[in-house]
Amino acid sequence: MTESFVTWLYAIAFAHPATGIRETTDLTGVAGEPVHVVEESGLLGIVGSVPVSDFGEEELHERLQDLDWLEAAARAHHKVISTVAREGNIIPLRFATIYHDDDRVHSLLAKRRTDFAAALNRVAGRTEWGIKAYVGPRTLERQEASDTGPEDGGSPGTAYLLRRQAQRQGQETAQREAQDRAEQIHVALRELAVESAHHRPQDARLARYEGSMILNTSYLVPNALTEEFVTAVQDVRGRFPDVRIELVGPWPAYSFTGDDVTPDRT
């Protein structure tokens, strides 16, 4: 019985004669499959053929529940994108962008040629950096403790209510101060970026952190300003020692090339 395949789309690039993307043929993708290119209308689609038996809609849904598989596949997806990004500007596609076959990718590139060219030109010479900022649980606990007032000498019930009120006020004050720090950090870094994109805080269990994530933002930074951006991150770390600031990247411009490429299904 002949096995059927679908097409996993990793990235889109200009089909410039000088691009080295066509030569990245030794890459393997999420299924260990060899990565290849689909050329159409002056664009390249970087794709892999993955078996329907593992990547059909129902099969993929089941696999996405397996966190070990998901982590490994996400790494493989990112590796392909990172490798081709070193050879030229690309639009990185989100994980699990799957088409019926390579012909559907040909059609996508022809139909959306203008949009993809605009996105590729927008990120040319620019790189995405991510900032995650956290305050630890003890920061909030100290704030609550410092704001808790003395006992008023009244009844136990009144004393309890006063303590609860002080705790709530302390929490609210701590959260406001944390958000104020996040805003100041963002403003300082935004000055060096041409675009920024805020993301929702990551799940603490999955991202393995304690406390609160107060900033999860991507910045599209001109490559010429990379050193200044990294220095600015060091500066805000010095200004806010009670905030843990994590700099991640550089990445292909995941957050700035649009996410409206709708995959189809088998």
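Modeller: Start with helix 4 (residues 102–111), where Val105, Leu108 and Leu109 are buried. Buried means under 20% relative accessible area, exposed over 50%, partly exposed in between (1.4 Å probe, protein chains only). Helices (H or I, at least four residues) and strands (E, at least two) are DSSP runs, numbered from the N terminus. The model is predicted: local features need pLDDT of at least 70, side-chain atom pairs count only at pLDDT 80 or more, and totals for chains, interfaces and linings use all residues. Residues are numbered from 1 along each chain as its sequence is written, and side-chain values use heavy atoms, without hydrogens and water.

Biologist: Which residues does the face of helix 4 turned away from its buried side carry?

Modeller: That face has the exposed residues Asp103 and Lys111. The buried residues pack against strand 1 (5–14), strand 2 (35–40), strand 3 (43–51), strand 5 (98–99) and helix 5 (113–123); contact means heavy atoms within 4.5 Å.

Biologist: Is Glu23 buried or exposed?

Modeller: Glu23 is exposed, with a relative accessible area of 55%. This residue sits in the loop between strand 1 and strand 2.

Biologist: What are the classes of residues in the lining of the largest pocket?

Modeller: Ala, Val, Leu, Ile, Met, Phe, Trp, Tyr, Cys and Pro count as nonpolar, Asp, Glu, Lys and Arg as charged, and the others, Gly among them, as polar. Here the lining has 13 nonpolar, 9 polar and 11 charged residues. Helix 3 gives the largest share, 8 residues.
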